[in-house]
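Here are my notes on the structure, for you to read beside the sequence and coordinates. They are set out as numbered points.

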Amino acid sequence: MKRRLLVGLGVFVLLLAGYTTYTIVRPTVLRTEVEINASPDQVWTVLTDREHYPAWNPFIVSSTGPLAVGGTITNVLRDTKGAETTFTPKLLAVQPGRELRWIGRIGFGGIFDGEHAFRIEALPDGRSKLIQEEIFRGAAVPFTAGMLRDTIEPQFRAMNQAIATRAAEAR
């Protein structure tokens, strides 16, 4: 009896480990992009003017803390249903005019991790492309993938458009 219990527990642990590895290797990715009639520096200025987010940003309604690699910021997100979530991601990249990237985790790593990036690419004629992307990994992600696509991805698009409008107006 004890041996069967140990074998059963071992099989369960192996299946859980395999499932978790699978969810890390095959992430859920949300990716949006927009072309903007403004330079990469102008887009960066709007993206990092976090003090004014409450006035124009439909997705990240608040963001505080220094933008320094390795540091932690506090973001308040609003989904399409109006629900707000506060989280404190760690900054992975802060490259003016090019990239702002962080990672947020729920619990310890491997449960629900999201690596969020804003990448800015120069286009001809002083224009830019803004790519907003998040790579979700972890054991809980497959259970939330539909919700992420329905309530978060549209907010990426809304924020992209708000940045595009604000940056073009400042041009």
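1. The model is predicted.

2. I163 belongs to the largest nonpolar core, a set of 31 residues. Within this core, I36 and I163 are the residues with the most contacts. Two or more core residues come from each of β1 (28-36), α2 (40-48), α3 (53-56), β6 (99-106), β7 (112-123), β8 (127-137) and α5 (153-170). The most is given by α5, which supplies six residues.

3. One of the pairs is formed by W102 and F118, with 5.8 Å centre to centre and 65° between the planes. This geometry is classed as edge-to-face, because an angle over 60 degrees between the planes falls in that class. The pair links distant parts of the chain, since W102 lies in strand β6 and F118 in strand β7, 16 residues apart.

4. The loop between β7 and β8 contains D125. The phi angle of D125 is near 65°, a positive value in a residue other than glycine. D125 has 69% relative accessibility, so this residue counts as exposed, the cut-off being over 50%. If you check backbone torsions, D125 is one to look at for its positive phi.

5. A separate point concerns an open sheet of three strands, in the order β2-β3-β4 and with antiparallel pairing. The edges are taken by β2 (60-64) and β4 (84-87); each has a single partner strand, so one side of each is left without a neighbour in the sheet. On average, neighbouring strands of this sheet are turned by 10° against each other, direction ignored.

6. How many bridges join β3 and β4? Strand β3 (residues 74-78) pairs with β4 over four bridges, in the antiparallel sense. For V76, the bridge partner in β4 is T86. In general, the strands of a sheet pair through backbone hydrogen bonds, either parallel or antiparallel.

Terms used:
Residues numbered from 1 in each chain as written. Predicted model: local features only at pLDDT ≥ 70, side-chain atom pairs only at ≥ 80, totals over all residues. Heavy atoms only, no water. Pairing = 2+ DSSP bridges. Axes fitted to C-alpha atoms, helices over the stretch in contact; angles between N-to-C directions. Core = buried A, V, L, I, M, F, W, Y, C linked by side-chain atoms within 4.5 Å. Buried < 20%, exposed > 50% of the residue type's maximum accessible area, 1.4 Å probe, protein only. Phe/Tyr/Trp six-rings, centres within 6.5 Å; stacked < 30°, edge-to-face > 60°.
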